[in-house]
Amino acid sequence: MQVLMAFITGLIFGLGLILSGMTDPSKVIGFLDITGAWNPSLLFVMGGAVLIAAIAFRFAKTRPKALLGDTMRLPTARQIDKRLILGGLTFGVGWGLSGYCPGPALASLAIGGSKPLIFVVAMLVGMAIFEIHDSRSRAHKCKAV
Amino acid sequence: MTIDWANFTPWSSLAGGIVIGLATAMFLLFNGRIAGISGILGGLLQPIKKGDIGWRVAFITGLIFSPIAFSVGAPLPEVQIDAGAASLIMAGLLVGIGTRYGSGCTSGHGVCGLSRLSPRSMVATALFILAGFVTVFITRHLIG
(Lines give C-alpha, C1' and ligand atoms only; values in the text may rest on other atoms or scores of the structure.)
Protein backbone atom coordinates (compact mmCIF):
# COMPACT_ATOMS: atom_id res chain seq x y z
CA MET A 1 0.00 0.00 0.00
CA GLN A 2 2.82 2.38 0.92
CA VAL A 3 4.52 1.55 -2.37
CA LEU A 4 1.36 2.19 -4.39
CA MET A 5 0.85 5.51 -2.60
CA ALA A 6 4.48 6.45 -3.32
CA PHE A 7 3.87 5.79 -7.02
CA ILE A 8 0.67 7.88 -7.04
CA THR A 9 2.26 10.80 -5.20
CA GLY A 10 5.34 10.67 -7.46
CA LEU A 11 3.00 10.81 -10.45
CA ILE A 12 1.00 13.76 -9.07
CA PHE A 13 4.20 15.54 -8.07
CA GLY A 14 5.43 15.21 -11.66
CA LEU A 15 2.13 16.48 -13.09
CA GLY A 16 2.52 19.55 -10.87
CA LEU A 17 6.09 20.09 -12.06
CA ILE A 18 5.01 19.94 -15.72
CA LEU A 19 1.97 22.21 -15.23
CA SER A 20 4.03 24.73 -13.26
CA GLY A 21 6.70 25.15 -15.96
CA MET A 22 9.52 23.72 -13.83
CA THR A 23 10.35 21.16 -16.52
CA ASP A 24 11.25 24.00 -18.90
CA PRO A 25 14.90 24.89 -18.18
CA SER A 26 14.59 28.21 -20.05
CA LYS A 27 11.86 29.28 -17.61
CA VAL A 28 13.96 28.28 -14.60
CA ILE A 29 16.95 30.19 -15.96
CA GLY A 30 14.58 33.11 -16.65
CA PHE A 31 13.81 33.14 -12.92
CA LEU A 32 17.50 33.04 -12.04
CA ASP A 33 18.33 35.81 -14.53
CA ILE A 34 17.61 38.55 -12.03
CA THR A 35 19.77 41.15 -13.78
CA GLY A 36 18.28 40.46 -17.22
CA ALA A 37 14.70 39.78 -18.36
CA TRP A 38 13.43 38.29 -15.10
CA ASN A 39 10.63 35.71 -15.06
CA PRO A 40 8.99 35.61 -11.61
CA SER A 41 6.83 32.53 -12.41
CA LEU A 42 8.81 30.28 -10.07
CA LEU A 43 7.80 32.39 -7.09
CA PHE A 44 4.20 31.38 -7.83
CA VAL A 45 5.17 27.70 -8.03
CA MET A 46 6.92 27.90 -4.68
CA GLY A 47 4.14 29.99 -3.13
CA GLY A 48 1.41 27.55 -4.20
CA ALA A 49 3.36 24.50 -3.05
CA VAL A 50 4.40 25.98 0.30
CA LEU A 51 0.86 27.19 1.02
CA ILE A 52 -0.59 23.68 0.74
CA ALA A 53 2.36 21.82 2.25
CA ALA A 54 2.47 24.15 5.28
CA ILE A 55 -1.08 23.12 6.23
CA ALA A 56 -0.10 19.44 5.94
CA PHE A 57 3.02 19.92 8.09
CA ARG A 58 1.03 21.67 10.83
CA PHE A 59 -1.33 18.72 10.90
CA ALA A 60 1.50 16.14 10.71
CA LYS A 61 3.27 17.60 13.73
CA THR A 62 0.34 16.62 15.94
CA ARG A 63 0.31 12.99 14.79
CA PRO A 64 2.84 10.32 15.79
CA LYS A 65 1.84 8.03 12.92
CA ALA A 66 1.04 8.45 9.21
CA LEU A 67 -2.34 7.32 7.84
CA LEU A 68 -0.88 4.10 6.41
CA GLY A 69 0.64 3.19 9.77
CA ASP A 70 4.28 4.22 9.42
CA THR A 71 6.07 6.45 11.88
CA MET A 72 5.89 10.13 10.96
CA ARG A 73 9.44 10.89 9.84
CA LEU A 74 10.08 14.61 10.17
CA PRO A 75 13.63 15.93 9.79
CA THR A 76 15.46 16.44 13.08
CA ALA A 77 18.74 18.07 11.95
CA ARG A 78 19.02 21.65 13.15
CA GLN A 79 22.62 22.75 12.73
CA ILE A 80 23.59 25.14 9.96
CA ASP A 81 27.00 23.71 9.12
CA LYS A 82 29.60 23.68 6.36
CA ARG A 83 27.90 20.77 4.60
CA LEU A 84 24.59 22.60 4.31
CA ILE A 85 26.19 25.82 3.08
CA LEU A 86 28.64 24.30 0.58
CA GLY A 87 26.07 21.75 -0.60
CA GLY A 88 23.46 24.44 -1.20
CA LEU A 89 25.90 26.64 -3.11
CA THR A 90 27.18 23.72 -5.22
CA PHE A 91 23.65 22.69 -6.12
CA GLY A 92 22.78 26.28 -7.04
CA VAL A 93 25.66 26.53 -9.51
CA GLY A 94 24.53 23.32 -11.25
CA TRP A 95 20.93 24.53 -11.24
CA GLY A 96 21.94 27.83 -12.84
CA LEU A 97 24.13 26.14 -15.48
CA SER A 98 21.40 23.81 -16.70
CA GLY A 99 18.02 25.02 -15.46
CA TYR A 100 17.42 21.53 -14.05
CA CYS A 101 16.96 20.44 -10.47
CA PRO A 102 16.42 16.74 -9.62
CA GLY A 103 12.60 16.49 -9.80
CA PRO A 104 12.01 18.23 -13.14
CA ALA A 105 14.96 16.39 -14.71
CA LEU A 106 13.40 13.03 -13.78
CA ALA A 107 9.99 14.23 -14.98
CA SER A 108 11.57 15.12 -18.36
CA LEU A 109 13.31 11.78 -18.94
CA ALA A 110 10.48 10.06 -20.78
CA ILE A 111 9.85 12.85 -23.28
CA GLY A 112 12.83 15.18 -23.46
CA GLY A 113 15.27 13.27 -25.66
CA SER A 114 18.96 12.98 -24.83
CA LYS A 115 19.53 16.22 -22.87
CA PRO A 116 17.66 15.37 -19.65
CA LEU A 117 19.12 11.85 -19.86
CA ILE A 118 22.68 13.23 -19.95
CA PHE A 119 21.88 15.44 -16.96
CA VAL A 120 20.28 12.62 -14.94
CA VAL A 121 23.17 10.21 -15.58
CA ALA A 122 25.68 12.88 -14.50
CA MET A 123 23.53 13.65 -11.44
CA LEU A 124 23.51 9.96 -10.44
CA VAL A 125 27.30 9.88 -10.85
CA GLY A 126 27.52 12.97 -8.63
CA MET A 127 25.32 11.33 -5.99
CA ALA A 128 27.45 8.18 -6.15
CA ILE A 129 30.64 10.23 -5.74
CA PHE A 130 29.08 11.74 -2.62
CA GLU A 131 28.16 8.31 -1.22
CA ILE A 132 31.66 6.90 -1.76
CA HIS A 133 33.32 9.98 -0.28
CA ASP A 134 30.87 10.11 2.62
CA SER A 135 31.19 6.45 3.60
CA ARG A 136 35.00 6.77 3.48
CA SER A 137 35.05 9.85 5.69
CA ARG A 138 32.65 8.16 8.12
CA ALA A 139 34.88 5.06 8.28
CA HIS A 140 37.85 7.34 8.86
CA LYS A 141 36.04 9.09 11.71
CA CYS A 142 35.18 5.75 13.36
CA LYS A 143 38.83 4.72 13.25
CA ALA A 144 39.90 8.03 14.75
CA VAL A 145 37.49 7.52 17.66
CA MET B 1 16.14 44.29 -14.29
CA THR B 2 13.06 44.06 -16.50
CA ILE B 3 10.19 41.60 -16.21
CA ASP B 4 9.95 38.98 -18.94
CA TRP B 5 6.18 39.39 -19.41
CA ALA B 6 6.08 37.20 -22.54
CA ASN B 7 7.08 34.09 -20.59
CA PHE B 8 5.44 35.01 -17.28
CA THR B 9 2.82 32.37 -16.41
CA PRO B 10 1.49 33.19 -12.92
CA TRP B 11 -1.69 31.11 -13.10
CA SER B 12 -0.35 27.84 -14.48
CA SER B 13 2.68 28.16 -12.21
CA LEU B 14 0.48 28.75 -9.18
CA ALA B 15 -1.78 25.84 -10.15
CA GLY B 16 1.25 23.58 -10.70
CA GLY B 17 2.66 24.69 -7.36
CA ILE B 18 -0.61 23.78 -5.64
CA VAL B 19 -0.50 20.32 -7.25
CA ILE B 20 3.12 19.90 -6.05
CA GLY B 21 1.95 20.97 -2.59
CA LEU B 22 -0.88 18.42 -2.69
CA ALA B 23 1.52 15.60 -3.61
CA THR B 24 3.85 16.71 -0.81
CA ALA B 25 0.93 16.76 1.65
CA MET B 26 -0.29 13.31 0.56
CA PHE B 27 3.14 11.76 0.89
CA LEU B 28 3.58 13.28 4.32
CA LEU B 29 0.17 12.34 5.69
CA PHE B 30 -0.15 8.85 4.15
CA ASN B 31 3.49 7.68 4.14
CA GLY B 32 4.92 9.91 6.85
CA ARG B 33 7.78 10.98 4.63
CA ILE B 34 9.28 14.13 3.15
CA ALA B 35 8.87 14.41 -0.63
CA GLY B 36 12.46 15.47 -1.25
CA ILE B 37 13.50 14.21 -4.65
CA SER B 38 17.27 14.23 -4.18
CA GLY B 39 16.92 12.33 -0.89
CA ILE B 40 14.52 9.76 -2.34
CA LEU B 41 16.80 9.15 -5.34
CA GLY B 42 20.09 9.33 -3.44
CA GLY B 43 18.85 6.81 -0.86
CA LEU B 44 18.87 4.21 -3.64
CA LEU B 45 22.64 4.54 -3.89
CA GLN B 46 23.20 3.72 -0.22
CA PRO B 47 23.80 0.24 1.21
CA ILE B 48 20.54 -1.74 1.01
CA LYS B 49 18.20 -1.44 3.97
CA LYS B 50 15.26 -3.82 4.06
CA GLY B 51 11.93 -2.19 3.18
CA ASP B 52 13.62 0.98 2.02
CA ILE B 53 13.84 0.33 -1.71
CA GLY B 54 10.26 -0.25 -2.93
CA TRP B 55 8.73 3.10 -2.04
CA ARG B 56 11.73 4.99 -3.43
CA VAL B 57 11.59 3.16 -6.77
CA ALA B 58 7.80 3.62 -6.87
CA PHE B 59 7.98 7.39 -6.28
CA ILE B 60 10.70 7.87 -8.91
CA THR B 61 8.78 5.67 -11.37
CA GLY B 62 5.67 7.79 -10.83
CA LEU B 63 7.70 10.92 -11.48
CA ILE B 64 9.18 9.47 -14.68
CA PHE B 65 5.72 8.41 -15.90
CA SER B 66 4.14 11.80 -15.20
CA PRO B 67 4.70 13.35 -18.65
CA ILE B 68 3.01 10.34 -20.27
CA ALA B 69 0.01 10.75 -17.94
CA PHE B 70 -0.01 14.52 -18.56
CA SER B 71 -0.07 14.07 -22.34
CA VAL B 72 -3.25 11.99 -22.08
CA GLY B 73 -5.17 15.00 -20.74
CA ALA B 74 -3.42 17.96 -22.34
CA PRO B 75 -0.59 18.74 -24.74
CA LEU B 76 2.79 18.89 -22.99
CA PRO B 77 4.16 22.43 -22.68
CA GLU B 78 7.03 23.40 -24.95
CA VAL B 79 10.43 23.30 -23.31
CA GLN B 80 13.72 24.86 -24.34
CA ILE B 81 17.06 23.47 -23.17
CA ASP B 82 19.87 25.86 -24.01
CA ALA B 83 22.68 24.02 -22.21
CA GLY B 84 24.95 21.83 -24.33
CA ALA B 85 26.16 18.34 -23.40
CA ALA B 86 29.28 19.57 -21.57
CA SER B 87 27.29 22.03 -19.44
CA LEU B 88 24.67 19.38 -18.71
CA ILE B 89 27.31 16.91 -17.51
CA MET B 90 28.98 19.56 -15.34
CA ALA B 91 25.60 20.71 -14.00
CA GLY B 92 24.44 17.16 -13.30
CA LEU B 93 27.59 16.39 -11.31
CA LEU B 94 27.25 19.60 -9.27
CA VAL B 95 23.54 19.03 -8.62
CA GLY B 96 24.17 15.39 -7.62
CA ILE B 97 27.02 16.19 -5.22
CA GLY B 98 25.53 19.44 -3.90
CA THR B 99 22.04 18.16 -3.14
CA ARG B 100 23.36 15.13 -1.25
CA TYR B 101 26.06 17.06 0.60
CA GLY B 102 23.55 19.79 1.52
CA SER B 103 20.79 17.24 2.32
CA GLY B 104 18.20 18.56 -0.09
CA CYS B 105 17.11 20.30 -3.26
CA THR B 106 14.26 22.52 -4.43
CA SER B 107 11.65 20.07 -3.12
CA GLY B 108 13.17 18.98 0.20
CA HIS B 109 14.53 22.35 1.32
CA GLY B 110 12.58 24.70 -0.97
CA VAL B 111 9.06 23.30 -0.53
CA CYS B 112 9.07 21.00 2.52
CA GLY B 113 11.64 22.93 4.55
CA LEU B 114 10.12 26.36 3.98
CA SER B 115 6.67 24.93 4.80
CA ARG B 116 8.01 23.72 8.15
CA LEU B 117 9.77 27.07 8.73
CA SER B 118 13.04 25.16 9.15
CA PRO B 119 15.95 27.61 9.58
CA ARG B 120 18.30 25.07 7.92
CA SER B 121 16.13 24.91 4.83
CA MET B 122 15.69 28.68 4.68
CA VAL B 123 19.49 29.06 4.63
CA ALA B 124 19.92 26.29 2.03
CA THR B 125 17.17 27.70 -0.20
CA ALA B 126 18.54 31.24 -0.01
CA LEU B 127 22.02 29.94 -0.89
CA PHE B 128 21.07 27.79 -3.86
CA ILE B 129 18.94 30.57 -5.32
CA LEU B 130 21.78 33.04 -4.74
CA ALA B 131 24.31 30.68 -6.38
CA GLY B 132 21.85 30.29 -9.27
CA PHE B 133 21.57 34.09 -9.67
CA VAL B 134 25.35 34.46 -9.73
CA THR B 135 25.83 31.53 -12.14
CA VAL B 136 23.26 32.84 -14.63
CA PHE B 137 24.70 36.36 -14.36
CA ILE B 138 28.16 35.00 -15.22
CA THR B 139 27.11 32.62 -17.99
CA ARG B 140 24.55 34.92 -19.58
CA HIS B 141 25.89 38.42 -19.08
CA LEU B 142 29.63 38.21 -18.43
CA ILE B 143 30.77 35.45 -20.80
CA GLY B 144 27.52 34.68 -22.70
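Which side chain meets D134(A) in a salt bridge? The partner is R83(A), at 3.3 Å from N to O, where a salt bridge is a side-chain nitrogen of Lys or Arg within 4 Å of a carboxyl oxygen of Asp or Glu. D134(A) lies in helix 6 of chain A and R83(A) in helix 4 of chain A, so the pair ties together parts that are 51 residues apart in sequence. Helices (H or I, at least four residues) and strands (E, at least two) are DSSP runs, numbered from the N terminus. D134(A) is buried at a relative accessible area of 11%, whereas R83(A) is partly exposed at 31%; buried means under 20% relative accessible area, exposed over 50%, and partly exposed in between (1.4 Å probe, protein chains only).

Before going further, a word on the ground rules. This is a predicted model, in which local features need pLDDT of at least 70 and side-chain atom pairs count only at pLDDT 80 or more, while totals for chains, interfaces and linings use all residues. Residues are numbered from 1 along each chain as its sequence is written, chains are lettered from A and ligands numbered from 1 in the order in which they are written, and side-chain values use heavy atoms, with hydrogens and water left out.

Now let us turn to where the chains meet. The size of an interface is often given as the accessible area lost when the parts come together. Here the area buried between chain A and chain B is about 9700 Å², that is, the accessible area (1.4 Å probe) that two parts lose on being put together, summed over both. Carbon and sulfur atoms give 78% of that area. Chain A brings 103 residues to the contact and chain B 105, with contact meaning heavy atoms within 4.5 Å.

Polar links cross this interface too: the rule finds 21 residue pairs in polar contact, both at pLDDT 80 or more. Such a contact is a pair of N or O atoms within 3.5 Å; within protein, one must be able to donate a hydrogen and the other to accept it, and residues adjacent in sequence count only if both atoms are side-chain atoms. On the side of chain A that touches chain B, helix 1 of chain A gives the most, with 18 residues.

What about charged pairs? The structure holds four salt bridges over all chains, and two are found across the interface of chain A and chain B. In one of these, R100(B) pairs with E131(A), with the closest N and O atoms 3.1 Å apart. R140(B) also forms a salt bridge with D33(A), at 2.9 Å between the closest N and O atoms. R140(B) lies in helix 6 (residues 119-142) of chain B and D33(A) in the loop between helix 2 and strand 1 of chain A, so the pair joins two chains. R140(B) is partly exposed, with a relative accessible area of 35%, while D33(A) is buried at 3%. Within chain B, R56(B) and D52(B) form a salt bridge with their closest N and O atoms 3.1 Å apart, and both residues are buried.

Finally, have a look at G96(A), which sits in helix 4 of chain A and counts as buried at 3% relative accessibility. Leaving aside neighbours within four places in sequence, G96(A) is in contact with I29(A), L32(A), G132(B), T135(B) and V136(B). G96(A) and P25(A) are 71 residues apart in sequence and 9.3 Å apart in space, C-alpha to C-alpha.
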